Amino acid sequence: TGNDDMLRAYAARRRLRLGRESTAASVRRVACAAASARNSVCSVSTPAIAIDGLTVRRGPRTVLDGLRLSIASGTVTGLLGPSGAGKTTLMRAILGVQLVEAGDVAVLGEPAGSPGLRSRVAYVTQAPSVYLDLTVLENLRYFGRTLGLRGRTLEAQVAEVVDRVDLGSHQRALVARLSAGQPSRASLAPALLGDHRARPPRGEL
């Protein structure tokens with residue numbers, strides 16, 4: 001499309017002048033490449049995640065080989081694959097904690113792992129990752145403080161999150177004593193704290 005040609009030309013000029021593309025140019029290029037593959041109109045709006053040429057190697061094994069993808073904001077995306085396919089490696093790269101050999105990873109328009117993303121991106125591990133010897137409330141207050149929440153703001157968010165994960169009747173219980181799926185909900189709760197752009201409505205977690 002005309003937009004594709006304009007963006008490619010812009011990126012080429014940036015490479016000539018700077019020796020490499022800026023993060024913003026890379027984000028737009030990946031988004032338009034993905035749109036072209038779907039035969040849809042290219043949009044220059046910033047995707048939630050944009051990955052271009054991501055390559056990760058561990059010893060002689062290539063875990064991710066030139067991966068390119070774009071995920072639009074406001075969408076829900078599932079990541080499926082057999083054991084060892086590179087799912088966890090990809091998630092680590094999106095979080096900015098994975099050493100990569102080549103490629104660019106942008107999250108909300110910023111390089112993955114940027115300090116500015118720390119209060120905007122939340123990650124929940126498969127296994128519960130809260131402190132088992134603390135109560136649900138104590139865990140939330142601890143993680144809230146690490147995000148810079150204090151006083152009434154902290155307590156208001158803690159109360160809201162406890163309600164969202166439906167642990168109100170267990171908020172003073174030690175996580176180690178929770179049963180069934182409750183520890184997983186207790187682990188999800190801290191990810192809902194902070195200044196996220198969008199939070200899931202109650203009942204849609």
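How many aromatic pairs does the count come to? Three, by the ring rule. That rule takes rings of Phe, Tyr and Trp (its six-membered ring) with centres within 6.5 Å; planes under 30 degrees apart are stacked, over 60 edge-to-face, the rest tilted.

A word on the source. This is a predicted model, where local features need pLDDT of at least 70, side-chain atom pairs count only at pLDDT 80 or more, and totals for chains, interfaces and linings use all residues. Residues are numbered from 1 along each chain as its sequence is written, and side-chain values use heavy atoms, with hydrogens and water left out.

Now the rings. Tyr131 and Tyr142 pair edge-to-face, at 5.6 Å centre to centre and 85° between the planes. Tyr131 sits in the loop between β4 (110-111) and α4 (136-146). Tyr142 is in helix α4, 11 residues apart from Tyr131. Helices (H or I, at least four residues) and strands (E, at least two) are DSSP runs, numbered from the N terminus.

Tyr131 also pairs with Phe143. Their planes are at 20°, so this pair is stacked, with centres 6.1 Å apart. Ring pairs link Tyr131, Tyr142 and Phe143 into a cluster.

Buried or exposed? Buried is under 20% relative accessible area, exposed over 50%, partly exposed in between (1.4 Å probe, protein chains only). Tyr131, at 40%, is partly exposed. So is Tyr142, at 39%.

Next, Thr89, in helix α3 (residues 87-95). Thr89 is buried, because its relative accessibility is 3%. Leaving out residues up to four places away in sequence, Thr89 touches Val56, Arg58, Val63, Leu64 and Gln98. Contact here means heavy atoms within 4.5 Å.
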